[in-house]
Amino acid sequence: MTLPPEIVSGIRRAVAEHGGVRAAMLEALRLIQHAEGWVSDARLAAAAELLGVTTAELDSVATFYSMIFRRPVGARLILLCDGAVCHLNGADAVRDAVVARLGINPGETTADGTYTLLSIACVGGCDRAPAAVLGRDRKLTGPVFPDNIDALLADAG
Amino acid sequence: MKVEIEIDGRTVTVDAGKDLLSTCLEHGVDVPHFCWHGALGSVGACRLCAVTVRDDPHDAVGRVEMACMTGVAAGQHIRVDDPQAAEFRARVIEWLMVNHPHDCAVCEAGGACHLQDMTVQSGHRTRRFRFRKRTHRNQYLGPFLTHEMNRCIACYRCTRFYRGYAGGRDLDVFGSGERVYFGRAADGVLESPFAGNLAEVCPTGVFNDKGWSQHYARPWDLRLTASICPHCAVGCNLTLAERHGKLRRVENRYHGAINGHFLCDRGRFGPLFVEAAARLDVARHREAPIDLQAALALARTMLADDAIGIGSVRASLEANFALRRLVGPERFFIGVSDTEAVLVRRMATLLRRGPSRIASLEAIETADAALVLGEDLTGTAPRAALALRQAVRGAEKALAAAKGVAAWLDEGVRVAGEGRRSPLILLTAAPDALDEVATLSLRRNPSAIAAFGLDVAAALRGEPVADADANATARILAAAHAPLVVAGAGLLDAAIVEAAAAVATALGARAALALFPTECNSIGCALMGGDGLDSAVTALEGAGEHAPAAMILEADLYARADPAVVDRLFAAAATTIALDCLATRTTARADLVLPVASFAEAAGTTVNHEGRAQRGFAARPGRMPASWRLLSELRPGLFAVDAPALDDVLVALAQDCPALAAAASAAPHADFRTPYGRVARAPQPFSGRTASDAAGRTVDGTPPSDPDSPLSWSMEGAHGVQVPAALATGAAAPGEHSPYAVWRAQTRIGGPLRGGDPGVPLIVVGALPDDDANVIPPVSVGVQEIPGPTLLLIPLHDPFTATELDGASALLAERAPAPRLVLHPADAAALGLSAGGAALLDGVPLAARVLLDDGLPRGLAGLSTVAFGRRGPPRRGRLEPA
Amino acid sequence: MSALPLTGRAARDRKPHALNEWRALGGYESVVHALRGEPLQVLEQVERAALHGRGGAGFPAARKWRFMPARGTTPGDGANYLIVNGDEMEPGAFKDRLLLEALPHQVVEGAILVAYACHASEVIMLIRDAYRSAIDGMERAIAEARQAGLLGTDILSSGFSLEMRVHASAGRYIVGEETALIAALEGGRAVPRKRPPFPAQSGLWGRPTMVNNVETVSCVPHIVTQGPDWFRSLSLTEEGGTKLFGVSGRVRRPQLIEAAMGTTARELIERCGGVSGDGVLRCFQPGGGASGFLEAAELDVPLDFAHVRQAGSSFGTGTLIVLDGTACPIGVVARHQRFYARESCGWCTPCRDGLPWVSRILDALEDGTAVSEDLEVLRMTAAQAGPHGRTFCDLMGGAMSSLASALERFSALFDEHLAGGCPQRVASR
């Protein structure tokens, strides 16, 4: 499965700008992820081949970083902060409300593939706690309330 | 430079510039550790080597430091037994036990497991962790290694060895935190030919020898014996483990100048051929099995009127010599082509001529510039290729040192070294596994490789040379402190070997020359003397109807020479007698077949590429006698005494072949005794004698005796550090039962064994008797154009299979690559051949698929050795589509 | 002269300035000024200004710069690097987000000066993936600066050349640790490296490297234009300048406050509208998640590195996490340990295998399923893995600081949890 041309050129540019193939590995993964939401085995293998590294080497890097997703991610991504400050401001109740609404736990994707819910910390939104980061553009939002989940879900695209 | 420090109250004088862990170990102080390794340096991951350090006497408390990550400094006071440090070490074990499963009872590492040893040493006993352990799925990693990731303690040794030391790229670490995972990106065969070392590198039971895993036993039930690998000319030292008459496992036996801590997979999984179904255990006369005594009687008859002997480059000196004495020196030949026999004799002469030093693997590792002419080391002498990979890191280490980074800080050195590589100039005919570490990699046909070498030699002598690469190479080698030149018999090209020697000579005494013949006793046979198979056949055919019998020693001649020549041998000889441990094409054709012991069932001395004579011993009592013993029964009095033992053969060898006289001292004689008696193969807690096996049989009986060595088959005798290195029966010591215990046997970490590394040199540089030493046979200078339609056939070597010994090991056979015919795309197109297609070679179908590679020079056809069919002088062949 | 140099020019909506807007506000004058002089002059100014690194360790910035060798004096080949650490991920920290999003040119300007002082030839701005708009904004700012000749070869005819680019991370708190950050830039897993050798000796690609926090770098233009004495005068203590404090948790109006170094927690909390919840301060962490708890008795401790250390905690990022009477410190510690356990890189044993255990125990304490041996394990872990040098890097030390201080200050509370779980569930706001 060949990589789309804009990703190929993006990776080549990263290699040139970041000082080599190794340094560009993470950027290559980010480019794929930004375009497609996640990095599949096929995309990983294609990127490795383009870079001239082995799939083991690229996956070793990919699986280290929490924000590189190696499983399919819904078009609507909700990253709820579960750090201490958000906890103090009611993040647990928000999480429970989202879990109840979507029917999935953190780490899962809805059966129709639309929403993926993840717990992360800390998102640098402590003054807007409880905070969340939404979508591929990683939009910071907050404070989120348990009775305001609709807005959250709508914004997650 | 030396400094004084105090360890546990004892003042010692130690080398500056080292880490505390190595220093403590070198002074006999056992500091627990996991992630540190003598060949891999310090990384500080496991945190087990905690000791308490006080920088001056006024510091009452001291601080806990990791010994492996702390440099030695004058005036340090270190306490290993300090309660602060001991408590922390126990906690490290407790943390590792959080996820480690309760597998000991069913784990094949048990009893020889470093994690077990460290756990016992730490004093941690009771599990407080009451939650769920993290678990992993295992991967299929190929035929050699098991994978049991739940046991992993994340010491990172596997990736550090596989990637950092061996250059492998398909094993890595994945994930983070407590979920770190060591494996491949997906299930599949581990590609590196050194992957088997993971079984010893892993301190717990994640990676195990798969053959072992299927039939494992506990170490206290195993007999361990020192042996020498028969699978190539490097002569790595092995420890063979036996139980109930079966060879169970091969492990590395440390040798400071040869294999160090590591083996290649061919040597680790090859020796299990001794348990293959293809073993010969019954004498045969033309198809029919016969009783051994009858067979011997028949043999005496066959040999009565004249016989020639065909010796073997994979058989011991004793075996070859017995045959030589039996038939007489003028009737003794070597079972390889004349080309090879002449080439290896020439190699021995060149090594002796000097002035360059003869390179050991240790010298290869420490070279600061290397030129490899023609030899695919990874295929012909894999462990030597691994040594060369370490040499390339020299420049990185030098830059790191210039920046003030401690040499023992493995990662710091790699980072500070900025990826620099010591020069490695590689000239091969086909793409080579070492291309990825070479600083200059050139593809040339064999005559161009020889020409390049001669150009380099000429440039070194100050003569004008046109080739820019050759000039550059000469400059690089001239500037090096320890330049290395490598060549071998891989292409059976004499000109290449001469060129290599010429370069070494031009460099002088500071250079090291490594010449690799094909097999474990090629040099031994060369020193013994004897022409090749072509000459044998000529002699047989010349005798017409008075042709003598031919006695063939331990070799499949069809794998070592032109099959047509071998056929002529069988046709011309009056009768043929073959002695071997394995059924081969040769034994199938011989009139009389006598089964003999394999290398693992008899003591024997072989001579490696350096000219080092080393002795291996019987690892299990053999059902068949050693071939030299069988030969001595054919003529009583062959070795002056009734019932000769190995030492008697060696005495006779010294008389008849003075060049090999020193071989007798390769190991202590059979009457050598330690203060504790013989050297015991079985460990002290050996229960094998009175334990019943799975079928309920008690295998007790009078222990067999071993007249050929000072070893005993029982547990009575000397063990461990009490044993001289050449007889070593494992490094285990009280409290240390795993391969990690080897540090106790070293004079210093990474250095020679106490008492000296085993083996005795038979080739001494400068001791020049031969008249032909100074005569350089003429070689063609300049590149020969290779016109079509025939192509020059070159063998493509493979790390896993070279001879019938490897083929007989089921595990190695699984790793043999599919037979292939490699062509340059343009040549293929011109011949009408396409990728994946089948071809005829000189009209005969080839069992090989066509592969296209534009890295192969035009005019060459690469044939994998199995497809090649035979080992012989370089020749041209006509290829066409099938 | 602004009393709020760091944030004074920030737009309310955090919209970043274009280059001409920034220059109109006085931006890049510091560069013009500094490049007329010598690198050592910039270093000495910052040294006299007593600027302490704002990334968490608090090491005097210029003293660290002194370790950087002049160009061409290190064996080997390649650049000298300055890395600006924008991987803010410490729980409770949200200050660098403002500086990166709203004031990218301030960071660029500061980075040019620091690079000059450190003899660096290349600057890499490492920004965390989650700060997307900051990444985009910084790339634009750098492009503008290059266009205007403030980056590139022979800047302003000074003979000083500098390249600058942005590199985004992809999660993982440990990337904020300077040696792990270097490993990440090299394309590897962000596993920390042993020091020595220090990055100034052998850092990125084995080359001399300086790593500084975004806020540290942002202070430098002001020191250069207004002078070190002015910078010192802004502070209430010996450590110069203002600090971008953060206050969050149980306060009425959580926010960022730029104030004098040495400002007290009492004052900061007051400016945030006081403690929320039941209005009574239970305790606070002065330096984000990796600092020990302080209580009401410490409300008047001047908040800077030296004073907070003396008070038994650590100043860290200077972002306070405040708890009221209804907030459970053990619950907060539990969330911290869950975070640190998840973020362990997996290199060394005590962190990799010890933190998840601690996290599970704290969760059990919250639900009332803990056993007394669990408390022994918490104490054991803090005592054995907390001290410096036990683990490979300081993630564990940071994690253990909140646990150790909670065990010491709230030991009765632990016993209550043992008996029946958390006596106070966290109330939603």
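Predicted model: local features only at pLDDT ≥ 70, side-chain atom pairs only at ≥ 80, totals over all residues.
Select helices α9(B) and α24(B): their axes come within 10 Å and cross at roughly 65 degrees. Look along the crossing. α9(B) passes α24(B) in a left-handed crossing.

Now show the side chains where the two helices touch. On the α9(B) side, pick B:L317, B:E318, B:F321, B:R324 and B:R325. On the α24(B) side, pick B:L646, B:V649, B:L650, B:A652, B:L653, B:Q655 and B:D656. Colour this contact by class. Seven of its residues are nonpolar, one is polar and four are charged.

**Next stop: helix α23 of chain B**

Select residues 627-634 of chain B, which form helix α23. How many of its eight residues are buried? Six are, and the helix is mostly covered. Highlight them: B:S627, B:W628, B:L630, B:L631, B:S632 and B:L634.

What do these buried residues pack against? Among the helices of chain B, the partners are α8 (292-304), α9 (317-327) and α24 (646-656).

**Another helix pair in chain B**

Move to helix α16 (residues 446-460) and helix α17 (residues 468-479) of chain B. Their axes come within 8 Å and cross at roughly 55 degrees. α16(B) and α17(B) are therefore oblique to each other. Check the hand of the crossing: α16(B) passes α17(B) in a right-handed one.

Show the contact residues. From α16(B), take B:F452, B:D455, B:V456, B:A459 and B:L460. From α17(B), take B:D469, B:A470, B:N471, B:T473, B:A474, B:L477 and B:A478. By class, the contact of α16(B) with α17(B) holds eight nonpolar, two polar and two charged residues.

**Aromatic pairs**

Now turn to the rings. Over all chains, the count comes to 24 aromatic pairs. Select C:W230 and C:F231. This pair is tilted, at 6.2 Å centre to centre with 50 degrees between the planes. Are these two residues buried or exposed? Both C:W230 and C:F231 are buried.

Jump to C:W347 and C:F392. Here the pair is edge-to-face, with 5.9 Å centre to centre and 70 degrees between the planes. Both C:W347 and C:F392 are buried.

Trace where each ring sits in the chain. C:W347 is in the loop between α13 (329-343) and α14 (349-367) of chain C, and C:F392 is in the loop between α15 (372-385) and α16 (395-409), so the pair ties together parts that are 45 residues apart in sequence.

Ring pairs link B:Y156, B:F182, C:W347 and C:F392 into a cluster. The cluster draws on chain B and chain C.

**Last stop: chain A**

Follow the elements from the N terminus: α-α-α-α-β-α-α-β-β-β-β-α.

Colour by burial next. Of the 157 residues of chain A, 58% count as buried. Finally, switch to contacts. Among those in chain A with a separation of 6 or more, 61% come from residues 24 or more positions apart.

Note on methods: Residues numbered from 1 in each chain as written. Chains lettered and ligands numbered in written order. Heavy atoms only, no water. Axes fitted to C-alpha atoms, helices over the stretch in contact; angles between N-to-C directions. Helix = DSSP H or I, 4+ residues; strand = E, 2+ residues; numbered from the N terminus. Parallel < 35°, antiparallel > 145°, perpendicular 65-115°, else oblique. Left-handed = near helix turned anticlockwise from the far one by under 90°. Contact = heavy atoms within 4.5 Å. Nonpolar A, V, L, I, M, F, W, Y, C, P; charged D, E, K, R; others polar. Phe/Tyr/Trp six-rings, centres within 6.5 Å; stacked < 30°, edge-to-face > 60°. Buried < 20%, exposed > 50% of the residue type's maximum accessible area, 1.4 Å probe, protein only.
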